[in-house]
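Have a look at the model first, then read on.

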Amino acid sequence: MKNFGVIALTALVGLLAACGGGAGGGNSISGTINVPAGYTVNQVVVVACPFSADNCDQSNGKYTTLSGSGTSASYRIDGIGTGDYGVVAGSSSGLVGFYRDAQNNALPVKAGSTNINFSLVAAGAASTRQK
């Protein structure tokens, strides 16, 4: 699953254009996104997309856009079908991140999961998973 993070983060802009095309479902994925001091969560986009051979299945992704002036905000992505998802986030200010373990492997997230918390960092830096 190491490829997922790199692919997901570099494809975030393209993914947003494709999101919402899938059938969806009645589940959700939720958690909290944190950004570094000097940034806000305003306009951070959080994406959940099904895993498909360590890649993000762009045709079936769902997303939400955050608002606010703080450095932390809750998110909830509705319309999630069953299965495992990767959760990535990014902003036009160059912040990126994804839900992963200490070895930088994307962690699969089951539909219906809560407390999927992680921090964004400036592109090129390492994201950290919140426990």
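**Briefing: strands, burial and confidence**

Strand S7 is covered on both faces: Leu95 and Gly97 on one side, and Val96 and Phe98 on the other, are all buried (buried means under 20% relative accessible area, exposed over 50%, partly exposed in between, with a 1.4 Å probe and protein chains only). Keep in mind that this is a predicted model, where local features need pLDDT of at least 70, side-chain atom pairs count only at pLDDT 80 or more, and totals for chains, interfaces and linings use all residues. Residues are numbered from 1 along each chain as its sequence is written, and side-chain values use heavy atoms, with hydrogens and water left out.

**The chain overall**

- The protein chain has two helices and 10 strands; these are DSSP runs numbered from the N terminus, with helices being H or I of at least four residues and strands E of at least two.
- Reading from the N terminus, the order is α-α-β-β-β-β-β-β-β-β-β-β.
- Of the 131 residues in the protein chain, 44% are buried.
- Take the contacts with a separation of 6 or more: 72% of them join residues 24 or more positions apart (contact means heavy atoms within 4.5 Å).
- The accessible surface of the protein chain is about 6,200 Å², with 48% of that belonging to carbon and sulfur atoms (areas come from the Shrake-Rupley method with a 1.4 Å probe, and for residues only the protein chains shown count as cover).

**S7 and its partners**

- S6 and S7 pair in the antiparallel sense over three bridges; two strands pair if DSSP finds at least two bridges between them.
- One of the residues involved is Ala89, whose bridge partner in S7 is Gly97.
- The hairpin of S6 and S7 has four residues between the strands, and Gly94 takes a positive phi near 95° there.
- Ser91 sits in the loop between strand S6 (84-90) and S7, and it counts as buried because its relative accessibility is 18%.
- Leaving out residues up to four places away in sequence, Ser91 touches Gln43 and Val44.
- S7 also pairs with strand S10 (residues 121-122), in the antiparallel sense over two bridges, and Leu95 stands opposite Ala122 in S10.

**The S5-S1-S9 sheet**

- Three strands make an open sheet in the order S5-S1-S9, with mixed pairing.
- Its edge strands are S5 (72-80) and S9 (118-119), each pairing on one side only.
- Strand S1 (residues 27-34) runs parallel to S9 in a pairing over two bridges, and Ile33 has Phe118 as its bridge partner in S9.

**The aromatic pair**

- Searching the whole structure turns up one aromatic pair (rings of Phe, Tyr and Trp, with its six-membered ring, pair if their centres lie within 6.5 Å; planes under 30 degrees apart count as stacked, over 60 as edge-to-face and the rest as tilted).
- The ring centres of Tyr99 and Phe118 are 6.4 Å apart and the planes are at 55°, so the pair is tilted.
- Tyr99 lies in the loop between strand S7 (95-98) and strand S8 (109-110) and Phe118 in strand S9, so the pair ties together parts 19 residues apart in sequence.
- Both Tyr99 and Phe118 are buried.

- Mean pLDDT for the protein chain is 80, and 73% of its residues reach 70 or more (pLDDT is the predictor's confidence in each residue, from 0 to 100).
- Among the elements, S1 has the highest mean pLDDT (97) and helix H2 (residues 12-18) the lowest (45).
- Over residues 1-11, pLDDT stays under 50, and the model has 23 contacts beyond four places in sequence for them.
- Where pLDDT is low, the predicted coordinates should not be read in detail.
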